[in-house]
6 protein chains.
Amino acid sequence: MADDGPAMRLLLVNCNTSTTVSDRLQAVATSVAAPTTSITVATPEFGAERVVGFYDSFVSAAASLQVMSRFRGQCDGVVMVGFGEHGREGARQLMDVPVVDITEAGMMAACLLGTDVGILATSEQAVGPIRESVRAMGLSSRLHGVRVVPGASPAEPEAFVGGAEALLAEGADVVLLAGAEMLAVQEALTRQCCVPVVDPLTTAVKWCESLVHLSLSTSKHRDYRWEHGKVLSLE
Amino acid sequence: MADDGPAMRLLLVNCNTSTTVSDRLQAVATSVAAPTTSITVATPEFGAERVVGFYDSFVSAAASLQVMSRFRGQCDGVVMVGFGEHGREGARQLMDVPVVDITEAGMMAACLLGTDVGILATSEQAVGPIRESVRAMGLSSRLHGVRVVPGASPAEPEAFVGGAEALLAEGADVVLLAGAEMLAVQEALTRQCCVPVVDPLTTAVKWCESLVHLSLSTSKHRDYRWEHGKVLSLE
Amino acid sequence: MADDGPAMRLLLVNCNTSTTVSDRLQAVATSVAAPTTSITVATPEFGAERVVGFYDSFVSAAASLQVMSRFRGQCDGVVMVGFGEHGREGARQLMDVPVVDITEAGMMAACLLGTDVGILATSEQAVGPIRESVRAMGLSSRLHGVRVVPGASPAEPEAFVGGAEALLAEGADVVLLAGAEMLAVQEALTRQCCVPVVDPLTTAVKWCESLVHLSLSTSKHRDYRWEHGKVLSLE
Amino acid sequence: MADDGPAMRLLLVNCNTSTTVSDRLQAVATSVAAPTTSITVATPEFGAERVVGFYDSFVSAAASLQVMSRFRGQCDGVVMVGFGEHGREGARQLMDVPVVDITEAGMMAACLLGTDVGILATSEQAVGPIRESVRAMGLSSRLHGVRVVPGASPAEPEAFVGGAEALLAEGADVVLLAGAEMLAVQEALTRQCCVPVVDPLTTAVKWCESLVHLSLSTSKHRDYRWEHGKVLSLE
Amino acid sequence: MADDGPAMRLLLVNCNTSTTVSDRLQAVATSVAAPTTSITVATPEFGAERVVGFYDSFVSAAASLQVMSRFRGQCDGVVMVGFGEHGREGARQLMDVPVVDITEAGMMAACLLGTDVGILATSEQAVGPIRESVRAMGLSSRLHGVRVVPGASPAEPEAFVGGAEALLAEGADVVLLAGAEMLAVQEALTRQCCVPVVDPLTTAVKWCESLVHLSLSTSKHRDYRWEHGKVLSLE
Amino acid sequence: MADDGPAMRLLLVNCNTSTTVSDRLQAVATSVAAPTTSITVATPEFGAERVVGFYDSFVSAAASLQVMSRFRGQCDGVVMVGFGEHGREGARQLMDVPVVDITEAGMMAACLLGTDVGILATSEQAVGPIRESVRAMGLSSRLHGVRVVPGASPAEPEAFVGGAEALLAEGADVVLLAGAEMLAVQEALTRQCCVPVVDPLTTAVKWCESLVHLSLSTSKHRDYRWEHGKVLSLE
């Protein structure tokens, strides 16, 4: 059984306050994780039911850090489940385990599969935070563009086909889905478009498992050092 | 009296929870503002007494947005008083008035005075957020570097002289002070170093006054649109 | 009266040889300046009546520096009134006071108001110098693009509406007007487009006043040192 | 058994002609792979015994592609085992499965753990190809620098400690080892330096397993399309 | 006769295995070379008859280096005749004379003639390698874009007119032809379009002659040092 | 005689007002030019005897354009002889023939010979204009740095050896000399340092001859169009 890799506890931190979403995230993450990996999903106690745009994102970052702080010393890796949302650098300082933001994992996987990444989002106001997140990770030169399918819902995957085709026509050669609940969309687009379509949540789960498996964790040499030892109360 | 420019209400948002700091900020801002400008300082209700590093910064961003939201419709301009701290894009979405982050104002003023900006900070953990803030505003190519004078306090301005001289020796030709309470340091360094030394708070106050005077405000065309109209409760 | 800020003498340097233009610049600058600020406009003695394109711009730079040199020691700040034109680094070396180029002030103000700056110009041949000017100040990543409304005149502000709307449709979220005599255009566009529209001359006047007010001046540490003390004769 | 993830066949392509090295690579890869993953190592039939520098690297690229072509249709994923070596884009065109270059996997993992990646190499002539490889993947802004420990051998891991410490002192906060046989060095450095040290081979194996597990493969939309269907003979 | 510049022996290295192409390259190169320059064309012994795309390009790089190695010590300069193809850094290490890649010479000449270079190619799969080659030489900011005229043949130069006009309409102001056999296309486009059209082969021949004339050769200080002295056998 | 390439008239435009310098430039240029090339040197009528720094450079640009305008229609190519000086874009608009700035030719030649260009200058105040010139041509990523040998004179070439060695020790692998009268320095450094040392004037002469030979001239499509047909009087 040791052959399966180490038993590990992954913490998924939802960026939205909806526990219904958290339940679905847990199901998806569990479906791709190793059998020896246990998944816990943390739900912020304040913030937006569905985070969209800069204001929500900053509130969500603090709420995510607050709920995450309860799991210090009690998990082996953290996946931050907000596509294009803020806070990953704070999490790296707060926690002693590797932290993977789904935006990072999604972009990196897409860069291994194609040359020009096209991101498909569902809201105009998500575009700014997404571009900022990609710029902060240093991969702007690989981002072909972000295209919005306004009002599209993951519950109706077909609605995304036109957007994906437009990204490809404009010059992208790999599609990255901007959201945590996009697995059904990935499956539909993969059937209909002849390019790889990356679901960021499942990628992040595997990426994080890999880091834990390899005993790699966040650098505490400088920016992410946790020296004053004080988790802030938000009350 | 119209000659003095319009009467205006500026809101300074402290990033720290210390009201003592807020009082000092008010005094400094008032000393450079026009006589027709009234200054109010808002103090966050949670977060760090003294924000240092990524974790504190993200918590502070949410706390700053929360306290700022009480002033919607009641001020003419906002100055965010956290050097290298997060949140300005969220403030631009939340508020209907111009928002100036002291990091932006400081960098821009420095870029008008020299070619290579050297930033002088007081903590190693401030370096990461500062570099990130400068990158997000697009001015990384003008940033020569950030130098830390560990443990230096604005109360002892002489402690900064060596750091400023080191920045100049390394290639910077203008110095920007990384903090809101650096006016005394600016005065001391200006006496002893033969380069301009920029205090970001006073610059931001004048910059913000200028935008209000010219009736310029934040674009609500896309990223900063406030469409759902819901200020989030953080309780 | 000290409350109004220091009495100061700003020198505006027109890039064109037209004194009619200089008169209008003086009127506009005076309308936004503090009552304690006196405005002088210098007009080059040679060069183009209306500077357009690289050749004119380089001739104008020398002519602007020549006329400016007569005011050494006799002004407290310089505003260079040529959008996208050359010479600001030379002025910074020649003069002992802060120098603000209206292209810089316009771009910086626009970057405080939106994320992607769209510039509206009136001539194809202005595009090259404008792009070069923005690149030299390090803000290319914030420039969405330059759009030309061929033959449009500030005397007919309505002619610019279509161009501004096109910039917004293409992805800009703030408009910067490429010219010194654009205040009427700003007013018209502000009425009709729902985004901030930046007039660079008025912004530069307030920016320069702010630097003087804060006793900030050009670095003489390296590039801008004036060591041989010889103003060149152009005859 | 399905719980362990899919059974998969990974092809490791050595860049050197040494089968002794290939045997060691197989052992290391097997030690971190899932029990359901089978590892095959392909050894080039011509080229350098130990690839160092641009000339060797280009010869090795062709040799790697030649030997790889025999495995078309017979593997589920490819790991290219040459740190800083050329050829990955050719492999992506030739093969129908995901291709992970150990330089990419190493850089990406390091970027998840720290902000400034320091690479530790054993030869001056490796520096050029490594910098080029990182530039081609778009991550130059995250590369702090490449430091050489001349003549150091992975068989004597202690020889790398000084180099790693120098990288950290210069500003890196995570170390990436430039070579495929660096696992012992990783273990030694991890014990002695307080930062994460990334071994690129083991990371690439886990990364590639993850892509196969998620059914993600190379885009064939444009650059990597294989349309003429002709594997070139190199004789 | 010494006045004509030094007698010199240039080696042109075809990237394709076609000797018919080599013969035509020799004729074109001779037509622009000085009378004191002798031209030898080397043809690879394996690889693609017509190199297109990444896979072909990497195989061609090794084949080009192999054939080139026979001319060590027997030529005064090398021109690599593959537009957008790999291998120039390897050639610089292998040879003791200056090496000019036609992609480099073409881009540099175009940058002296206009501001935004538009490249005209004949295959979609050439685009990736061309962009990569331009990025590696550091001139991406001068590349406006690569446009493909699918299936166009240099034998029918008129087929390229529409593509060139499209490049100009999109914003390019100088056209660079992506291929070694484009002289007839250059002549046709020059007649019909009012912009400079650069043929990379003829430019590279003159560039290389110039370097030899000036006694300038490749740096052997670091990346291009040839220290192990072993030309690899590819058999 | 046609074999020698076309007879052509090159105009060298000195940036300094010294005719003694002009005479020396003519001798050096003639020594490397083809026998069928005639060299004329134009000397500005105003400006600095020896251009150093931004102010001089802008005055020199206008003076160079003025003297150059007398040669419209009377030369086949222009070489601008001011290392790091302004004005080349104006010359491209003014003249109907190819224009080569020695900074461009020097940088491009250096980029063909090494990977990291180190520039050796003789004055601190030349550094700013040189960096700006390289940035404007898009080659900043290839510039390792500019090193100053204060007060060194080309008349004593040995004074430059230490500077060249320092550049190489810091990471450059090719040296570019920042001045038009550096041929003797090139010869001395070439003897003593084992790297290529580029003299920008002789390179620019050969580069310009090549463009004329190939009938390539400046694009008049957009930025460099000369449409109003008015050479400005500078009196």
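Mentor: Happy to! Keep in mind that this is a predicted model. Let's begin with burial: a residue counts as buried when its relative accessible area is under 20%. In helix 8 of chain F, 13 of the 14 residues are buried, so the helix is largely enclosed by the rest of the structure.

Trainee: How many Å does helix 8 of chain F reach from its first C-alpha to its last?

Mentor: Helix 8, residues 200-213 of chain F, reaches 20 Å, close to the 20 Å expected at 1.5 Å a residue. Just after this helix, S215(F) takes a positive phi of about 60°.

Trainee: Now the chains. What rotation superposes chain A on chain D?

Mentor: Two copies of a chain are related by a rotation about an axis and a shift along it. Here a rotation of 180° with 0.0 Å of shift superposes chain A on chain D, with an RMSD of 0.0 Å. That is the relation of a two-fold axis.

Trainee: Which surface do the copies use to meet?

Mentor: They meet through the same surface, because 100% of the interface residues of chain A are also interface residues in chain D. About 3,900 Å² is buried between these chains, and carbon and sulfur atoms give 61% of that area.

Trainee: How many salt bridges does the rule find across the interface of chain A and chain D?

Mentor: It finds four. One of them joins D116(A) and R222(D), whose closest N and O atoms are 2.7 Å apart. As for elements, helix 8 of chain A gives the most to the side that touches chain D, with seven residues.

Technical notes
Residues are numbered from 1 along each chain as its sequence is written. Chains are lettered from A and ligands numbered from 1 in the order in which they are written. This is a predicted model: local features need pLDDT of at least 70, side-chain atom pairs count only at pLDDT 80 or more; totals for chains, interfaces and linings use all residues. Side-chain values use heavy atoms; hydrogens and water are left out. Helices (H or I, at least four residues) and strands (E, at least two) are DSSP runs, numbered from the N terminus. The expected span of a helix is 1.5 Å times one less than its number of residues. Buried means under 20% relative accessible area, exposed over 50%, partly exposed in between (1.4 Å probe, protein chains only). Copies are superposed by least squares on the C-alpha atoms of residues with pLDDT of at least 70 in both. Contact means heavy atoms within 4.5 Å. Buried area is the accessible area (1.4 Å probe) that two parts lose on being put together, summed over both. A salt bridge is a side-chain nitrogen of Lys or Arg within 4 Å of a carboxyl oxygen of Asp or Glu.
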